[in-house]
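Please examine the protein shown below.

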Amino acid sequence: NSGFSTTNDGLKTNYGNLFSEVSSRFLNRNIAGLVLASDGLCNVGLDPLYISNIEYPIYSIALGDTNRVKDVKVLRVRHNEIAFLGNKFPIDISLSMQKVKGEKINVSIFNKGVKLYSEKINIQSNDEYKKIQVLLEAKDIGLQKYEIVSSAIDGERNVINNTYSVYVDVIDSRFKILFLNSLSHPDIAAYKSVIDKNKNYIVESFHIDDFKGNLEGYQLLVLFGIDKNNFLIEKIKNSKIPLIVYELNKLGLKQELTSAMNFSPKSGVEDVGAVKNENFSKFTFSDNLLNFLATAPPLSTPFGIYNITNNAEFILQQKIGENISSRPLVTLCENEGRKIVFVTAEGFWRWKLFDYLYNENNNNFDEFFSK
């Protein structure tokens, strides 16, 4: 619009658009100056402080009413853009309350006209700021609109900012994980108990001789004690599905699936402790998990010599007494975009029992294997 406006009925002030328009309209012309009449509030677009190509002076005329009036405002709402069906997701609400000390308001959340949440707030001062975190359950598939509404105060002139809408895309795209085993072992149940807790996973389990399906329908394949001569190994080698391989003291499967690790066995097995590789950074270990590893029961692993290439990275290393060995317990190998984790020890079921014995939960055990 040309000239000054005598009405203040707009909802947005975008200085980025203004300066872009001036630059394109007066390209290659000498601008002596810009007179800018505004209340100074920028609520959309690029912050003018970060616009670097202004080569002319700006003369500001400050407008607006500086009197503070009664106002309850839903200042901002932070939320996930995507949620999985059946899961709970957070909505963080920031409220600003001015000149309404002693008043009470209700903050509610609606979806499709149904009230999902409500909280009463007693306002303690004339300049109050409050954050509320709400966990909502994703019950319906598709793009869901959630309206955050604060009740109005008597005498409040601006009630438009009492409502804030956000959108969350609820999807039912869960990851499919296939467990194949050749024997019964408590480590299988211990590991599976962690994965079963995650609602984003669909878990299917078969004895390897009974599986007749298509491997390509899964996003992760977990092998327990599978012999290298099994008829499915060739199909597994030729697929690109990420693998977690529990060898359970069986030898030879590493060499079948990757060239990043080679193992020359000696006689027997040995009990060893576990310690995190200090250079591993693909995911973090909490302090509680690190302390747990320092006291967890020993694992049983075959004795021998490992040859490791640059495509393999230790996650857990063997610890014998106070000495940290250069031999792995859990190793991540990457080859042509495919990730394979080799677990070359057994006895993790003891870790789960130990965690519950001392902490009355399995949080440490669950943290490691879920990550």
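Strands, like helices, are runs assigned by DSSP and numbered from the N terminus; a strand has at least two residues. The model discussed here is a predicted one. Strand 1 covers residues 34–38, and Val-35 is located in this strand. On the surface, Val-35 belongs to a nonpolar patch together with Phe-4, Tyr-59, Ile-61 and Leu-63. The accessible area of these residues together is about 550 Å².

Rolling a probe the size of a water molecule over the atoms shows where empty space is left. The largest pocket has a volume of about 2,900 Å³. It is lined by 50 residues, of which Gly-10, Lys-12, Thr-13, Ser-38 and Asp-39 are the closest to its centre. Which element gives the most to the lining of the largest pocket? Helix 1 does, with 6 residues. Strand 1, strand 3 (71–79) and strand 5 (88–98), as well as helix 1 (15–25), each supply at least two residues of this lining.

Among the 24 residues of its lining, Leu-220, Ile-244, Val-341, Ser-370 and Lys-371 are the closest to the centre. Two or more lining residues come from each of several elements, including helix 2 (186–195), strand 18 (323–335) and helix 7 (363–370). This lining divides into 18 nonpolar, 4 charged and 2 polar residues.

Finally, the aromatic rings deserve attention. The whole structure contains 21 aromatic pairs. One of these is formed by Phe-285 and Phe-368: the ring centres are 5.9 Å apart and the planes stand at 55 degrees, so the pair is tilted. Phe-285 lies in the loop between strand 15 (261–276) and helix 5 (287–295), whereas Phe-368 lies in helix 7. The pair thus links distant parts of the chain, 83 residues apart.

Conventions
Residues numbered from 1 in each chain as written. Predicted model: local features only at pLDDT ≥ 70, side-chain atom pairs only at ≥ 80, totals over all residues. Heavy atoms only, no water. Patch = residues over 30% accessible without salt bridge, like charges linked within 9 Å, V, L, I, M, F, W, Y side chains within 5 Å. Areas by Shrake-Rupley, 256 points an atom, 1.4 Å probe, with all protein chains shown as cover. Salt bridge = Lys/Arg side-chain N within 4 Å of Asp/Glu carboxyl O. Helix = DSSP H or I, 4+ residues; strand = E, 2+ residues; numbered from the N terminus. 1 Å grid on protein atoms, 1.4 Å probe; cavity = no way out; pocket = protein on both sides within 12 Å on 5 of 7 lines; lining within 4 Å. Points joined across faces, edges and corners; volume = space filled by probe spheres on them. Nonpolar A, V, L, I, M, F, W, Y, C, P; charged D, E, K, R; others polar. Phe/Tyr/Trp six-rings, centres within 6.5 Å; stacked < 30°, edge-to-face > 60°.
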